[in-house]
Amino acid sequence: MNSPAKHIGLIGLGLMGRPMGMNLIKAGYPLTVWNRTASRAEELVAAGAKLAKSPQEVAAASDFLLTIVSDPPALEGVLWGDCGAMQALKRGSIYVDSSTVSPALARKISAACAERGVRFLDAPVTGGDWGAKKGELVFMIGGEVDTLKEAEPILKVMGKKLFHLGPNGAGQTIKLAMNSILALQVDALAEALALVTRAGIPGEKLVEVMQSSMARSGVLDVKAPNLLKDQYVPSFPLRLMHKDLGLALDLANQLGVALPATAAAREIYSAVKGAAKEDLDFSAVMRFWKH
Ligand SMILES: NC(=O)c1ccc[n+]([C@@H]2O[C@H](COP(=O)([O-])OP(=O)(O)OC[C@H]3O[C@@H](n4cnc5c(N)ncnc54)[C@H](OP(=O)(O)O)[C@@H]3O)[C@@H](O)[C@H]2O)c1
């Protein structure tokens, strides 16, 4: 299963899927791809990938299928829609989904895969599009340990750390919790910057002090420059963070857990998303405080 002769299928060639696919090709894996917008496959096809006509065709060609699409409806569509992948997954193959979706959907996919004799891992990622390009993603994984062991050489081509977190759904649960924290951190930074700049002190001063304090973080390194420059080229798009906050709140609702700070942050992200005319990075939450 682990040699580069095994065929990999990749569905979803967005900001994340394209560089992940490129790393698989560079590692020598034969790759078949499909994307709703076929033109996004050009770079990978030029590098040697085969372009399939449907998700079904990708699954039929794959010993190892990877999906990374926007949200639950997109994933359900590529799996169970017209010419969907599920019906063609090969018995004995491994299917890994790295989209961020609900834990409930991960469990539904796991059950459908089990019926077909397919082993499934939910394996959402963190690390951004730059982590995808460098092959330094962090995978948060739910599923069987033995399946992960077999998938590991392929996942390691795209990621530097693999965390096994429990049964199917556990990867998605941790991912949603992680994104709530990231959303709140950036929102808190935006709020504090609004306070400092209204007081007439440059935001850079706040960031400088934070870097020497307990409040320093990776978020500060990566997102503070966006907020200070007021530039929000999508790396992790705001529309996807907004989706993830909704998924976290749905999960909390199902579990009877109150997430008041996440709920408030989602309203702020909703306001910025609603007012935006272009695709923005989630750090554009600063726009709420600028207003
Ligand atoms: N960007 C990040 O930094 C980051 C980090 C961690 C996790 N993630 C997660 O990874 C996933 C992909 O993110 P991304 O940044 O690559 O998003 P993206 O650039 O918006 O790409 C989304 C992908 O999903 C496809 N898609 C959307 N709706 C579809 C539908 N109805 N049917 C079939 N395909 C559909 C898109 O196809 P088209 O090309 O045709 O639109 C595209 O391939 C998301 O779940 C996101 O939350 C992203």
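A right-handed β-α-β unit is formed by β4, helix α4 (residues 72-80) and β5, where right-handed denotes that, with the strands pointing away from the viewer, the path from the first strand over the helix to the second runs clockwise. Helices (H or I, at least four residues) and strands (E, at least two) are DSSP runs numbered from the N terminus. The model is a predicted one, in which local features need pLDDT of at least 70 and side-chain atom pairs count only at pLDDT 80 or more, while totals for chains, interfaces and linings use all residues. Residues are numbered from 1 along each chain as its sequence is written.

Strand β4 (residues 64-67) pairs with β5 in the parallel sense over 4 bridges, pairing requiring at least two DSSP bridges between two strands, and Phe 64 stands opposite Ile 94 of β5. Strand β6 (residues 119-122) likewise pairs with β5 in the parallel sense over 4 bridges, with Arg 119 in β6 as the bridge partner of Ile 94. A right-handed β-α-β unit is also made by β5, helix α5 (residues 103-116) and β6.

Both faces of β5 (residues 94-97) are covered, since Ile 94 and Val 96 on one side and Tyr 95 and Asp 97 on the other are all buried; a residue is buried if 20 or more other C-beta atoms, placed from the backbone, lie within 10 Å of its own, exposed if 12 or fewer, and partly exposed in between.

Helix α1 (residues 17-26) is largely enclosed by the rest of the structure, because 7 of its 10 residues are buried, among them Pro 19, Met 20, Met 22 and Leu 24. After α1 comes Gly 28, with a positive phi near 95 degrees.
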